[in-house]
Structures are given as C-alpha cells and as structure tokens.
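Here's a quick tour of one part of a fold: a strand, its partners and the core around them. Have a look at the structure first, then read on.

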Amino acid sequence: MDKAPTFSQSVAIFDAKECLVDWNAGFVEEFIDAASLLRKGVSARDIYAACLLPERALDLSWALNGVIPYPFEYINNRRSISVAQELGVNGNIFRFARNTMATPSLHPGMLDDSAELLRSTALKISASVLKRRDEENLRLHKLALTDSLTGVANRRYFDQLLDIEWQRCKRSQLPLSMIFIDIDFFKRYNDFYGHLRGDECIKTIASTLVANLNRPGDLVARYGGEEFTCLLPETDLSGATRKAVELELAVRALAMPHEKSEAAPIVTISLGIATAIKVVGDDASELVSAADQLLYDAKAAGRGCVRSAIFNAVE
C-alpha cells in the first residue's frame, strides 16, 4: 500500500514562540504521524518529534534572528517536498510546502508491510534519540544559567528574567522590586579565614537567602563575587523592605564569626531595595542601578542594614 502524501499544498502558521496557530489539511497529511497532536498551541518541536523526518522539515529557529531561509526540499514518504517560509507581522511564521515528485522506494522487492515495520521501528528510535537530546540540552541550558559555586541563578539568568518580568509588570501595571545584597567586609573575611572558608560563607548565605524567599516567582541570583540580587515581581516597597529585613536578620542568626568586620563580630549583609511602582520604559537596568545606589547608602550608614526607596523611571 502506497502511503506517499497526496496533498498538493501544505500550509501552517506558527506564532513567535513556534506554537501552531492555523493549518490546512495538507499540513495534516505532511505530518501524518503527528495528526493526533495537531491543535492550536502545540509546539513545532512536539510535532516534529512525532514524525520520522529530517530536522529541517520543521525547523523554525531561523525566526529568532529574522533571517528568512532559502526554500529547500526534503524527502517525506518517498515524495520530494519543497518548503518555503516567511516571517509575518507580530513574529508569525508562515510555512508553505508542496509535493514536487515521487522518489524510488527503498527496495523494489520490499513488501509494504515490511517497509511499514521498518519505518515504525525507525520512528521509535528517532523519538528516543530526540528525547535524550532534549534532556541533555535542558541540562546544559540549566548549567549555563546556574552559578557553579552556590547552585543559585547566575547573573546571566538574572538579567534574562529581569527583562521578562520588567515587560510583564509593565503590561499588567504591577510593581517590581529588586534587592541588591553585599556581604560586609568580605575581602577581609577571605584574607583572614582563607578562600575555602570564604567559599563556604558565600554558599551558606546563598542557601539562607533561598530558604527565606519562598514565593515561586521570586529569584535569588549571585551577581558576582560576594554580591547577590533578589528579584521580587508584584511586590511593593513595603513588602520588599520587610523581606530584606528578614534576610538581614536570617544571615545574622547564622552567627558566623567575622573578627575583621567593623559592622559586627559576625558575618552581616548590607541591602539596597528599589521598587518600580509603575514600570515604564524599556531599560530594566535602571532598576539595578537604583538598587545598587541604595546598597551604597546602606554601606555608608555603617553596613549590616537596609536602605530602600521608590524608583521612578523616566518614560
């Protein structure tokens, strides 16, 4: 039985997140193995993973940089399929494909049942390989966004999430708060106790911050060296200040000795809090600068304390 696709044209529209928006019957024929998955919102990767096809058959990653790829051809069920793609408004991706000509069978003497069995087995192997590859890519992605010493988010991840939350709070007219944290007199701690003890100090404080920020949307990140940041979406100034005081007291409660500190005989932290009550503009780094200045004010006030203020962005 010949299962070569019979469609003349396959049309599909994906949104900027590579999720299916609309499609025609030809697209169902082209990706027949994923027919049961086809619905609005299903990702291109899930569609492709269900089919035994070359990766480029449904690779939409080109849309990230907006460079439209040249038309290409690939083999689908012994048919040559020509594919063209375009980028529409709002980042929508338009994909057009059509049958061009039939290609020879795998072997003239191969029975259809044998060919289908071979195809089914290959599809299962392909799906397994894809799953392992996705799991490995996810592991590597997490590693790239995690601080190796403390296990919390790194600065790269903080910057990415800050931009996302900035735009989300801007659209929804929600407050956004940020806490900038510095371990007081940490260089002296390192010099006196040694770098191994210094690393343990940083890790202990990181875990303490995480333990005391328990809302799912809150984030603790190591900004660099002995500096940490906390991102608190949908949190006003009073709520962020209360949380900062809790963090400062939690670190004091650890009672880690620090003989060279001028703030206290134990390890302490200084905290600067900036809150955008109404997020405007597109430069989220201004919130970081405001919190950094308030951290400087906390240090100037003797360290081991909290300073907070409303941040008013310029539209």
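Strand 6 is largely enclosed by the rest of the structure, because eight of its eight residues are buried. Keep in mind that this is a predicted model. In a regular strand, side chains alternate between the two faces of the sheet. Here L176, M178, F180 and D182 point one way from strand 6, while S177, I179, I181 and I183 point the other way, and all are buried.

Strand 6 has these pairings:

| Partner of strand 6 | Sense | Bridges |
|---|---|---|
| Strand 8 | antiparallel | seven bridges |
| Strand 9 | antiparallel | eight bridges |

To get your bearings, find L176 opposite P233 in strand 8, and M178 opposite A274 in strand 9.

Now for the core. The largest nonpolar core has 28 residues, and I179, I181, I205 and F228 touch the most other members. Elements giving two or more residues to this core include strand 6, strand 8, strand 9 and helix 7 (237–253), along with helix 5 and helix 6. Leaving aside residues up to four places away in sequence, I205 touches I183, F228, V251, M256, V267 and I269. There's also a second, separate core of 25 residues, with L60, W62, Y74 and V83 among them.

How do helix 5 and helix 6 sit against each other? Their axes come within 6 Å and cross at roughly 135°, so the two helices are oblique to each other. F186, Y189, N190 and Y193 in helix 5 meet H195, R197, G198, C201 and I202 in helix 6. That contact divides into five nonpolar residues, three polar and one charged.

Methods
Residues numbered from 1 in each chain as written. Predicted model: local features only at pLDDT ≥ 70, side-chain atom pairs only at ≥ 80, totals over all residues. Heavy atoms only, no water. Axes fitted to C-alpha atoms, helices over the stretch in contact; angles between N-to-C directions. Helix = DSSP H or I, 4+ residues; strand = E, 2+ residues; numbered from the N terminus. Parallel < 35°, antiparallel > 145°, perpendicular 65-115°, else oblique. Contact = heavy atoms within 4.5 Å. Nonpolar A, V, L, I, M, F, W, Y, C, P; charged D, E, K, R; others polar. Core = buried A, V, L, I, M, F, W, Y, C linked by side-chain atoms within 4.5 Å. Buried < 20%, exposed > 50% of the residue type's maximum accessible area, 1.4 Å probe, protein only. Pairing = 2+ DSSP bridges.
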